[in-house]
Amino acid sequence: GIWREATTAEEQAGEACTANMNGYFNKDSTRVCENSQFREAHVYDFDVGVKDWFNPDVEYGTLNDKRDGRTYKTVTINGITVMAENLNYADEGKNSYLIGNNWCYNNDTANCLKGGRYYTWTAAMDIDSKWQSATVPAGTIKTSHQGICPEGWHLPTAAEWDTLFTTVGGKSTAGNILKSQTGWCCDANGDDAYGFSALPVGFRHQSGYFEHFRDHAYFWSGDATLLVEKAGSMSLIAKDEYAYRSGSYKFFAYSVRCLQD
């Protein structure tokens, strides 16, 4: 017996969103009902396996991380073998630098099965967190720095990211090529021709807030840095075909993709 004016999102969807419909997806699965309001759906709204985000036309390899038994898809792009999923390693007993420096989206471990973990730069590099706000001493970072990656793998350097961009046609179109074919907002899904399958999982801000999920992907670089507060990173953006390299605050928590040695 209670009526209200339909919201713009309800008018666009052609469906109602009321309190007893929490968690309901609209008929196009682009919006989810939450607290009586439709909002744009994002990758973490879908269970693993409900929406397979890998390219079915690409032949993937396999990486078994012996440290925790997890298995990841890999892809070889013109001789460069890289993980096709974000790393989800979090054994704080073996790697003390992970303590307080890695997270799952909304602190729910189930979300890490799809989006992987968010790591601060020092956690990704497996070095003391004191270097988040200080210059890293010379010699601390190796040329191919394993960091938190499995044995035989390392974090891509800026030069290696550039080589990957060139391999897929150049940085001006690499953004579109490296994005997954599903999950990106605003009708901005990627081509994913080579199977890199980047999902828009955004990043974790130092304040604890998860930002830019749905329309951004961020990955750490494994270079030595002379900067006090920033380190190298790579990012992909919805509705933008470019792939970007830039400097980011070390206390931000980004995704990690490991490259085979």
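I began with Asp126, which lies in the loop between α3 (121-125) and β8 (153-154); helices (H or I, at least four residues) and strands (E, at least two) are DSSP runs, numbered from the N terminus. This is a predicted model, in which local features need pLDDT of at least 70 and side-chain atom pairs count only at pLDDT 80 or more, while totals for chains, interfaces and linings use all residues. Residues are numbered from 1 along each chain as its sequence is written, and side-chain values use heavy atoms, with hydrogens and water left out.

I noted that Asp126 has a positive phi of about 60° although it is not a glycine. Because its relative accessibility is 25%, Asp126 counts as partly exposed; the cut-offs are under 20% relative accessible area for buried, over 50% for exposed, and partly exposed in between (1.4 Å probe, protein chains only).

I then looked up Asp187, in the loop between α5 and β9 (203-204), and found its phi near 55°, again a positive value in a residue other than glycine. At 83% relative accessibility, Asp187 counts as exposed.

Next I turned to the largest nonpolar core, which has 37 residues; such a core is a set of buried Ala, Val, Leu, Ile, Met, Phe, Trp, Tyr and Cys residues joined through side-chain atoms within 4.5 Å. Among the elements that give two or more residues to this core are α5 (171-178) and β12 (230-237). I also recorded a second, separate core of 27 residues, which includes Leu98 and Phe203.
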